[in-house]
Amino acid sequence: MTGIRFEGVTVAYGDNTVLDSLSLTVEPGEVMALLGPSGSGKTTALRSVAGFVRPAAGRVFIGGRDVTGLAPHRRGVGMVVQQYALFPHMRVDANVAFGLRAQKAPRAMIAGRVAEALEMTGMAAYAKRYPRELSGGQQQRVAIARALAIRPGVLLLDEPLSALDAQLRSGMLAELARLHRELPDVTMLYVTHDQVEALTLADRIAVMDRARLRDCGTPQELYRRPRTEFTASFVGNANLLPVTVTGDGRVGLAGTDVSVPTGGAAHGATATLCVRPHLVGLGPGPNTLRGRVTEVQWRGATHRVAVEVDGHHVTAEVRELRETPALGDEVTVHFASEDAVLLPAGGTNG
Amino acid sequence: MLVHSRRARWAVQAVFFALFLPVFALPFLVIVAASFATNWSGVLPSGATTAHYRDLVHGDATDALVTSLVTAVAAGLLALALGTWAALAAQSLRGRRSRKAVDALFMLPVAVPSVVVGLSLLVAFSRPPLLLNGTREIVIVAHTVLVTAFAHQSVTAALARLDPAYEQLAASLGARPAHVLWRVKLPLLLPSLTAAAGLCFALSMGELSATMMLYPPDWLPLPVKIFGATDRGALFSGAALAVVLMVTTLLALLGVSRIRTRASYR
């Protein structure tokens with residue numbers, strides 16, 4: 001059982017710091033998603049585990065062993081990348097056998113492991129094909145089989161599904177979840193910019209932005225109780241509204257008094273109210289706000305209605321409407337107190 | 001250029017052939033005609049004979065051809081090995097400046113006229129302990145120096161295009177750098193390597209100016225023999241030799257390009 005530990009890992013290219021003192025522990029057997037926009041440092045963090053970048057400061061541990069200065073081929077991590085990077089001059093079985101052959105494993109063992117890895121990823125029928133004869137999804141399965149054949153303690157996945165189309169992606173997501181159930185000992189570090197992938201697959205999500213770790217927690221925690229405005233908006237595109245605390249359990253929002261859990265927030269303090277679009281309803285309710293419709297999007301099963309409330313945008317995602325409001329119509333929106341979260345105001349740093 | 005109307009396409013093709021044929025194709029045809037001719041008093045050579053080729057078979061032309069082939073293969077392979085090695089080494093250098101320095105060093109024989117390369121080798125290796133003057137090795141060394149630049153340049157370009165993900169993934173699977181080089185990098189570079197080898201071979205087959213300064217009496221490559229023949233006025237046998245050189249080089253290049261098509265994976 002091997003975990004991963006980052007201790008103040010900093011990576012810089014010249015003056016450009018791409019990863020700023022990351023400290024994070026991935027438990028053995030855990031799936032940790034590194035979620036963030038491009039340029040957030042998430043791929044750099046993964047590459048520091050693989051050994052492709054050398055941290056300017058800090059240490060990286062795999063299974064309790066300090067690997068900071070260790071060459072990539074001595075680390076024993078499996079890796080899957082977005083562009084597959086299958087060796088084009090080798091057949092599928094030779095690709096999968098590559099790691100074992102490189103480590104001079106006995107021939108009989110190689111054959112067994114290759115068959116097992118191809119079986120596990122459903123690619124056994126394609127062993128004698130060349131990568132160029134396979135579709136994108138099949139190539140990615142082979143890439144996963146190749147990484148698993150060396151029985152790594154740690155599997156690094158760098159945007160593994162980003163090159164696939166939407167339908168294939170959800171299928172592969174289910175496959176990866178199944179692989180994780182079948183290989184509960186393998187620790188996975190999963191880099192993605194897609195919140196759905198992170199929410200579906202990860203045991204915990206580390207949210208990154210501008211070279212820094214912003215938040216870390218289980219998908220439920222981050223989704224239901226985000227701790228920072230960045231997390232709230234990046235994971236689930238929450239509505240964020242500036243409010244002033246007016247009393248215990250009461251905040252002032254756009255001239256209206258609404259009731260939300262305020263925790264220990266001091267009277268008169270400014271804060272940010274966070275509500276998920278699908279928890280906002282049209283029409284009057286417990287916490288009612290009045291505004292004008294600025295945009296209506298039909299998304300098949302749902303309607304997404306943007307309402308401007310006193311200069312602030314509130315998005316409501318509601319079940320498909322029989323009669324859609326027209327742009328400029330005056331409408332009311334509401335949300336339940338228990339669905340709202342109060343965040344400290346300003347800054348995305350938390 | 002995309003030309004859609006049929007008439008415009010014809011016009012473009014006519015211009016192409018009007019420019020291409022006189023400059024590129026016709027001179028070769030004239031050489032071929034001259035190699036079969038008995039006299040040349042009009043615009044084109046005239047009279048038909050295969051006597052020049054029969055003379056070649058009986059004379060020492062085959063020796064010269066073998067000399068050229070051995071020199072070109074040896075120089076081509078040496079240049080490929082050196083150029084590839086240098087390109088791989090330069091790539092792993094830290095810092096853009098040192099990489100530029102290596103590139104400049106290998107461009108030097110291209111920038112310096114080949115007569116100067118020949119002369120400098122002659123001067124440099126004419127005293128013991130490095131006395132190569134008058135040996136066949138000095139001819140091969142000169143050709144190697146002249147063509148390594150082209151091998152280095154094409155391998156460098158191919159390396160720059162190679163996705164670093166391949167070698168990184170190979171390393172993550174536990175492959176030592178040497179294993180990555182032999183099993184991943186070089187196979188992926190193979191199409192460029194064979195192309196570079198073909199180029200070096202062809203350049204060496206036609207090299208005259210540096211060879212002129214260096215060749216010993218027992219190592220006389222074909223271009224030198226062609227020059228000698230035309231110099232003493234034997235134009236028709238010179239033309240026959242030229243055709244032999246041309247056809248041999250073309251056949252060799254065709255062979256190399258066949259390797260390349262089988263080895264290209266993408």
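The contact between chain A and chain B of this predicted model takes 19 residues from chain A and 18 residues from chain B, two residues being in contact if their C-beta atoms, placed from the backbone, lie within 7 Å. On the side of chain A that touches chain B, β6 (77–81) and α2 of chain A each supply at least two residues; here helices (H or I, at least four residues) and strands (E, at least two) are DSSP runs, numbered from the N terminus. By class, this side of chain A has 12 nonpolar, 6 polar and 1 charged residues, where Ala, Val, Leu, Ile, Met, Phe, Trp, Tyr, Cys and Pro count as nonpolar, Asp, Glu, Lys and Arg as charged, and the others, Gly among them, as polar.

Because the model is predicted, local features need pLDDT of at least 70 and side-chain atom pairs count only at pLDDT 80 or more, whereas totals for chains, interfaces and linings use all residues. Residues are numbered from 1 along each chain as its sequence is written, while chains are lettered from A and ligands numbered from 1 in the order in which they are written.

Within chain A, helix α2 (residues 92–102) also packs with helix α4 (residues 136–149), their axes coming within 7 Å and crossing at roughly 25°; axes are lines fitted to C-alpha atoms, for helices over the stretch in contact, and angles run from 0 to 180 degrees between N-to-C directions. That angle makes α2(A) roughly parallel to α4(A), since angles under 35 degrees count as roughly parallel, over 145 as roughly antiparallel, 65 to 115 as roughly perpendicular and the rest as oblique. The residues that meet include A:Val92, A:Phe98 and A:Leu100 in α2(A), and A:Val142 and A:Arg146 in α4(A). Divided by class, the residues of this contact are 8 nonpolar, 2 polar and 1 charged.

Chain A also contains an open sheet of 4 strands in the order β2-β1-β4-β5, with antiparallel pairing; two strands pair if DSSP finds at least two bridges between them. At the edges stand β2 (16–26) and β5 (65–66) of chain A, each with a single partner strand, so one side of each is left without a neighbour in the sheet. Strand β1 (residues 4–13) of chain A is joined by 5 bridges to strand β4 (residues 57–62) of chain A, the two running antiparallel, and the bridge partner of A:Phe6 in β4(A) is A:Val60. Helix α1 (residues 42–50) of chain A lies across β1, β2 and β4 of chain A and runs at about 115° to β1(A).

A further open sheet of chain A has 5 strands in the order β13-β12-β11-β14-β20, and the pairing is antiparallel. Its edge strands are β13 (256–259) and β20 (341–344) of chain A, each pairing on one side only, and the twist averages 45° from one strand to the next. Strand β12 (residues 250–253) of chain A pairs with β13(A) in the antiparallel sense over 4 bridges, and A:Leu253 has A:Thr256 as its bridge partner in β13(A).

The secondary structure of chain B comes to 11 helices and 2 strands, and its C-alpha trace spans about 70 × 70 × 30 Å along its principal axes. The domain assignment, which is automatic or from a database, gives domain 1 (6–49) and domain 2 (59–264) of chain B. The C-alpha centres of these domains lie 31 Å apart, and their contact takes 5 residues from domain 1 of chain B and 6 residues from domain 2 of chain B.
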